[in-house]
Amino acid sequence: MERIRYREDGQLMAQMQAADFFRLRPLRNKTGVHIQIIQRRGMPFFFLRNKKRKAFFTGMILGGILIFFLTGRIWNIHIEGNRANSTPETLKFLEDQGVSHGMKKKSLNCSAIAASIREEYPQTAWVSARTEGTRLVITVKEGDFQNKKKKEKVEPCNLTATESGTVVKIITRAGVPRIRPGENCKTGDVLVSGCLELKNDSQEVTRYEYVHADADIYIKRKLSYYAELPLEYEAEIRENIQETGGFLKIGKLYLEWGAEHKKGWHTLTEELPMKLTENFRLPVSTGRITMNRYQKKKIIRTEKEAKTEAFCILQDYEEKLMEKGVQISANNVKIDVDHRTCISRGNLEIIEKIGKKTPVEILEQPKERTTENG
């Protein structure tokens with residue numbers, strides 16, 4: 001018995017379990033009090049009150065059947081750890097293998113799925129597949145190809161120049177350098193030779209050995225730059241006119257309302273998948289469609305605006321070069337504006353790493369010298 005309290009008229013009220021109510025009979029007989037049930041709560045009484053509502057119970061039964069049906073299928077396939085092969089590509093392969101959204105969990109063979117992925121993509125070192133609720137989780141670990149390349153047979157080669165310029169720095173790990181810092185090189189020149197000359201005490205070549213040339217070679221050169229920016233251009237200006245709508249996706253069924261697609265309007269779609277739990281995702285999603293009206297207008301840049309825009313374009317170009325490991329030592333680009341165009345022309349002095357692997361010319365081995373031939 002709980003929540004015991006006195007009413008203003010002196011009566012005593014309490015809340016108790018149904019089993020405890022029947023245990024009050026000996027106490028009532030001894031005291032002669034009258035016990036009255038004010039309210040009945042609980043699932044049995046709820047069903048008793050609604051026993052005539054056939055549609056309600058039919059809906060509950062059908063809902064239970066629907067939930068039982070949905071929990072027995074896979075509604076979300078999640079792939080993680082993949083970088084070399086995109087998720088859409090892997091999902092397309094799984095679909096060809098009969099693994100798709102909505103399939104029965106009983107017909108799912110996680111070991112076979114992992115084996116088929118390893119067979120299709122040899123670069124995967126390890127694959128695991130497991131189910132979590134209505135979700136199929138595939139974890140992929142890709143192999144390290146750099147180690148494989150190191151284990152491959154190394155062929156002898158030279159390092160040749162891919163650009164013309166002045167050598168700034170050269171760090172040789174294997175091979176014979178043919179050029180020194182401060183010297184100029186041309187495209188196609190051999191910078192590091194993979195042919196080693198073995199000499200005797202008399203500095204005579206007795207044998208040729210061949211290695212895989214390896215070095216870090218940096219040159220300074222001029223890179224031409226030219227860009228044009230028209231002063232007059234056409235731009236889309238957003239107007240203060242907006243329309244909104246929504247959509248509903250149930251499997252492959254798609255219903256949309258409220259927003260009419262028009263020419264000159266930009267559409268923004270936000271989709272919200274529906275789920276009961278973290279791992280129980282339904283094949284149903286709703287979303288919001290926002291459409292904004294844009295108008296094309298001709299705009300003429302001022303001289304200051306054009307130079308600022310041209311400078312920003314040049315900066316973006318320099319940043320892309322630096323992302324590739326190129327150093328910029330000097331900027332000799334000038335920006336001029338005429339009545340129609342803003343022109344950026346000049347050159348950048350850059351320091352970059354070069355060196356292209358080319359085959360080594362195999363020379364005939366020197367003949368062994370004897371006492372007869374001197």
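How many aromatic pairs does the count come to?

Analyst: Happy to walk you through it. This is a predicted model, so local features need pLDDT of at least 70 and side-chain atom pairs count only at pLDDT 80 or more, while totals for chains, interfaces and linings use all residues. Residues are numbered from 1 along each chain as its sequence is written, and side-chain values use heavy atoms, with hydrogens and water left out.

Rings of Phe, Tyr and Trp (its six-membered ring) pair if their centres lie within 6.5 Å; planes under 30 degrees apart are stacked, over 60 edge-to-face, and the rest tilted. By this rule the count is three aromatic pairs. In one of them, Phe93 and Tyr121 have ring centres 5.8 Å apart and planes at 70 degrees, so they meet edge-to-face. Phe93 belongs to helix H5 (residues 87-96) and Tyr121 to the loop between helix H6 (110-120) and strand E4 (124-132), so this pair ties together parts 28 residues apart in sequence. (Helices, H or I of at least four residues, and strands, E of at least two, are DSSP runs numbered from the N terminus.) Phe93 and Tyr121 are both buried, where buried means under 20% relative accessible area, exposed over 50% and partly exposed in between, with a 1.4 Å probe and protein chains only.

Another pair is Tyr225 with Tyr317: the centres are 5.2 Å apart and the planes at 50 degrees, so it is tilted. It links distant parts of the chain, with Tyr225 in strand E13 (residues 214-230) and Tyr317 in helix H8 (residues 303-323), 92 residues apart. Tyr225 counts as buried at 8% relative accessibility, whereas Tyr317, at 29%, counts as partly exposed.

Asn85 counts as buried at 9% relative accessibility. Leaving aside neighbours within four places in sequence, Asn85 is in contact (heavy atoms within 4.5 Å) with Thr90, Tyr121, Gln123 and Glu142.

Three strands form an open sheet in the order E3-E5-E4, with mixed pairing; two strands pair if DSSP finds at least two bridges between them. Strand E3 (76-80) and E4 stand at the edges with a single partner strand each, so one side of each has no neighbour in the sheet. From one strand to the next, the twist averages 15 degrees. E3 and strand E5 (residues 135-142) pair in the parallel sense over five bridges, and Ile79 has Ile138 in E5 as its bridge partner.

H6 lies across E4 and E5, running at about 150 degrees to E4. Here axes are lines fitted to C-alpha atoms, for helices over the stretch in contact, and angles run from 0 to 180 degrees between N-to-C directions.
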